[in-house]
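Good morning. I have one structure to go through today, so please have a look at it before I start.

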Amino acid sequence: MSEAQVTFDPKNMPFRRLGPSGLRVPLFSLGGWLNLGGTVVGDPVKEIIKTAFENGINMFDTAEGYEKGHSEIEMGRVIRELGYRRSDLVITTKLFFGTRSGPNDTGLSRKHIIEGTQESLARLGLGYVDVIFAHRPDYSTPMEEIVRAFNYVISKGWAFYWATSEWSARDVEEAYHVADKLNLIAPIVEQCQHNMLHRERPEKEYAPLYQKYAISTTVWSALAGGLLTGKYNNGIPEESRLAAHSDFFMETIKSLDGEEGREKIRKIQELTKLAEIGAYQLKERILPVKI
C-alpha cells in the first residue's frame, strides 16, 4: 500500500462499539453488494469511496460472493490508489458463496474458510480484514469445525474478529455454546436484513442474544432494496436497481404485482406522505423567519 496521504476526519460521525468487542465503527458504512465491481467499476468506485471517507465513513463491507470477487478487487484497488492509512479503516468481508462452483469452493468447511480468507485478502490486496463474516449458516458442517476455523483465521492475524450473517438466533446460540466449551472466540455481530418492512428477526428473535451476549447487528437492505425511498411507488424506473438487476430480482419484481407487494407499496406511499410532511415541518423550523 502506498504511503498514507490522507488523515481520517470523523466529521462528527457517531461511532459505536461493535457488539461486545472494543472495535468502534461509524453509524453508517458503505457496502459493495451489486454495485462496486458490478454495475459500478473504475473511477466511479473511487469517487464513491472517497466521498464516503470524506464524510466520516471509514467502514467498508464486501464479500467473496459479491460479483464473484470483483467487489473485493475494486474496493482494494481504490483503497490503495487513494493512499488511505490501513489503521484508519474498518474493512469487513464475508465467506460462504465462493467465486467458483467446486465441491469445496462454497460453504463453511475448515478448508473453504481458510482458503477463502486467503483468496479474499489477495483480491483486496490487504494483509488482514477487521471482521470476517460467515455469510450464511452451513448445516452440512459441524459447528465446532466452523468455530475452530474462524478462530484459526484470527490466530493467523488474517482477521481481528468473526461474525455471522443471516443466522438464526438458535445458530448464533450454538456458536456461543461451542466457543465457550472450547474456550474460543465467539462471533461479535450479526449482519441481518432490517428495515420497516422486515423487523421480526432483528427486533424479536435476536432480542435474547442482545441481552445475553451483548451481540449487536450491522444492517443490510435498510431501505428494503430501495422500496422505502418511494422510487417504486409508481412502477420500476429504467435506471433503478431492480431494472439493472432484473434477473436477480425476478421474484421481487413479480411479488410487487401480487397482493402482498401491492400492500407493501400502499404502506410505503403512506410513509412517503408522512416523510414529506415531516421534511416540510423540519424545514419550517430550521429556516429563519423573514419579517
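I begin with leucine 34, which sits in the loop between strand E3 (30-31) and helix H1. Helices (H or I, at least four residues) and strands (E, at least two) are DSSP runs, numbered from the N terminus. Before going further: this is a predicted model, where local features need pLDDT of at least 70, side-chain atom pairs count only at pLDDT 80 or more, and totals for chains, interfaces and linings use all residues. Residues are numbered from 1 along each chain as its sequence is written, and side-chain values use heavy atoms, with hydrogens and water left out.

Back to leucine 34. Its phi is near 70°, a positive value in a residue other than glycine. Most residues other than glycine have a negative phi. Is leucine 34 buried or exposed? Leucine 34 is buried, because its relative accessible area is 5%; buried means under 20%, exposed means over 50%, and partly exposed is in between, using a 1.4 Å probe and protein chains only.

Asparagine 183 also is not a glycine and has a positive phi, of about 60°. Its place is the loop between helix H5 (169-182) and strand E8 (189-193). With a relative accessible area of 70%, asparagine 183 is exposed.

Now the helix pairs. Helix H1 (residues 43-54) packs with helix H2 (residues 70-82) at an angle of about 65°, and their axes are 10 Å apart. Axes here are lines fitted to C-alpha atoms, for helices over the stretch in contact, and angles run from 0 to 180 degrees between N-to-C directions. That angle makes H1 roughly perpendicular to H2. The cut-offs are under 35 degrees for roughly parallel, over 145 for roughly antiparallel, 65 to 115 for roughly perpendicular, and oblique for the rest.

Which residues make the contact? From H1 they are Val45, Lys46, Ile49 and Lys50, and from H2 they are Glu74, Met75, Arg77, Val78, Glu81 and Leu82. Contact means heavy atoms within 4.5 Å. By class, the contact of H1 with H2 has five nonpolar, no polar and five charged residues. Ala, Val, Leu, Ile, Met, Phe, Trp, Tyr, Cys and Pro count as nonpolar, Asp, Glu, Lys and Arg as charged, and the others, Gly among them, as polar.

The second pair is helix H3 (residues 110-124) and helix H4 (residues 143-155), whose axes come within 9 Å and cross at roughly 25°. That makes H3 roughly parallel to H4. On the H3 side are Arg110, Ile113, Ile114 and Thr117, which meet residues of H4 including Ile146, Phe150 and Val153. This contact of H3 with H4 divides into seven nonpolar, one polar and three charged residues.

Last, the lysines. Lysine 94 lies in strand E5 (residues 90-95) and counts as buried, at 0% relative accessibility. What does its side chain reach at 2.9 Å? The side chain of lysine 94 reaches the backbone oxygen of threonine 62. It also makes a polar contact with the side chain of tyrosine 66, at 3.2 Å. A polar contact is a pair of N or O atoms within 3.5 Å; within protein, one must be able to donate a hydrogen and the other to accept it, and residues adjacent in sequence count only if both atoms are side-chain atoms.

Lysine 181 lies in helix H5 and, at 61% relative accessibility, counts as exposed.
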